[in-house]
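Please view the model below alongside the text.

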Amino acid sequence: MPDIGSTDIVLPVTPLAVVFDMDGLLFDTEALYRDAMIRTAAELGHDIPVSLYLDTIGLSAEATRLLLKSRFGDAFDLARFWERASGQCAMMAATELRLKPGVVDLLDLLDGMGLPFAIATSSKHHDVQRNLDGHGLRARFPTVVAYGDYDNGKPHPAPFLTAARRLGIAPQHCLALEDSHNGVRSAASAGMMTVMVPDLLPPTEEMKSLCIGIAESLQEVAAALSNRRT
């Protein structure tokens, strides 16, 4: 068993399942999306500040489009922007996509504990499978809830409630792992024990009030689970 370190996070009970976000939590994709969107906007004569990109984290593509449209107005060629930014993201992901530290060790621990797990993401299924395939993880996630599987995206609880239903575990017995503010809001409103593992967004007082803990890494989450097992 790998060294999973220590943690100050105390889980109130041992979860019966774990639900992962994907972008920024399992994969270091948020930085790729940020760079692709900012670069594409500049090429088309627009400025997307980092602060605006950060507002999109955890949102679905549709919600992100609406946010950009409200910011730039009807003169903004959203279809052209989205096509070019998506293409840049795909090219960058093919060579630059990195797995976040501790992912495989945490999955091994969950398998050893006999705990099922799932992904609940705002991304589309083909993006999820591309990322999983790139790191040989598709078979490890038989349950994936992605865009199109629910009526309302994060911060609405629907993505996490859908994941709990497919796992056959009541939401209050699930541990949700999220990096974004909208994701934390979604998981907490679904009634799940929620831990934030920050990526580009720092935890706020609101996040601390919604979470049972803020972890520096997935290794810290693994340590908290191990502590519940012993």
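In this predicted model, helices α5 and α10 are roughly parallel to each other, because the angle between them falls under 35 degrees. That angle is about 20°, and the two axes lie 9 Å apart.

**Packing of α5 and α10**

- Helix α5 covers residues 103–113, and helix α10 covers residues 218–229.
- The crossing of α5 past α10 is left-handed.
- On the α5 side, the contact is made by Val103, Leu106, Leu109, Leu110, Gly112 and Met113.
- On the α10 side, Leu218, Val221, Ala222, Leu225, Ser226 and Arg229 take part.
- Sorted by class, the residues of this contact are 9 nonpolar, 2 polar and 1 charged.

**Packing of α3 and α4**

- Helix α3 spans residues 61–72 and helix α4 spans residues 78–96.
- Their axes are 11 Å apart and meet at an angle of about 130°.
- The α3–α4 crossing is right-handed.
- Helix α3 contributes Ala61, Thr64, Arg65, Leu68 and Lys69 to the contact, while helix α4 contributes Leu78, Phe81 and Trp82.
- The contact of α3 with α4 holds 5 nonpolar residues, 1 polar residue and 2 charged residues.

**Overall fold and dimensions**

- The protein has 10 helices and 6 strands.
- Its radius of gyration is 17 Å, which agrees with the value near 17 Å for a compact globule of 230 residues.
- Along the principal axes, the C-alpha atoms fill a box of roughly 60 × 35 × 30 Å.
- Of the 230 residues, 53% are buried.
- Among contacts with a separation of 6 or more, 66% join residues 24 or more positions apart.

**A cis peptide bond**

- Most peptide bonds are trans.
- The bond from Lys154 to Pro155 is cis, and its omega is near 15°.
- Pro155 sits in the loop between strand β3 (144–145) and helix α7 (158–167).

Note on methods: Residues are numbered from 1 along each chain as its sequence is written. This is a predicted model: local features need pLDDT of at least 70, side-chain atom pairs count only at pLDDT 80 or more; totals for chains, interfaces and linings use all residues. Side-chain values use heavy atoms; hydrogens and water are left out. Axes are lines fitted to C-alpha atoms, for helices over the stretch in contact, and angles run from 0 to 180 degrees between N-to-C directions. Helices (H or I, at least four residues) and strands (E, at least two) are DSSP runs, numbered from the N terminus. Angles under 35 degrees count as roughly parallel, over 145 as roughly antiparallel, 65 to 115 as roughly perpendicular and the rest as oblique. A crossing is left-handed if the near helix is turned anticlockwise from the far one by less than a right angle, and right-handed if clockwise. Contact means heavy atoms within 4.5 Å. Ala, Val, Leu, Ile, Met, Phe, Trp, Tyr, Cys and Pro count as nonpolar, Asp, Glu, Lys and Arg as charged, and the others, Gly among them, as polar. The radius of gyration is taken over C-alpha atoms; the globule rule is 2.2 Å times the number of residues to the power 0.38. Buried means under 20% relative accessible area, exposed over 50%, partly exposed in between (1.4 Å probe, protein chains only).
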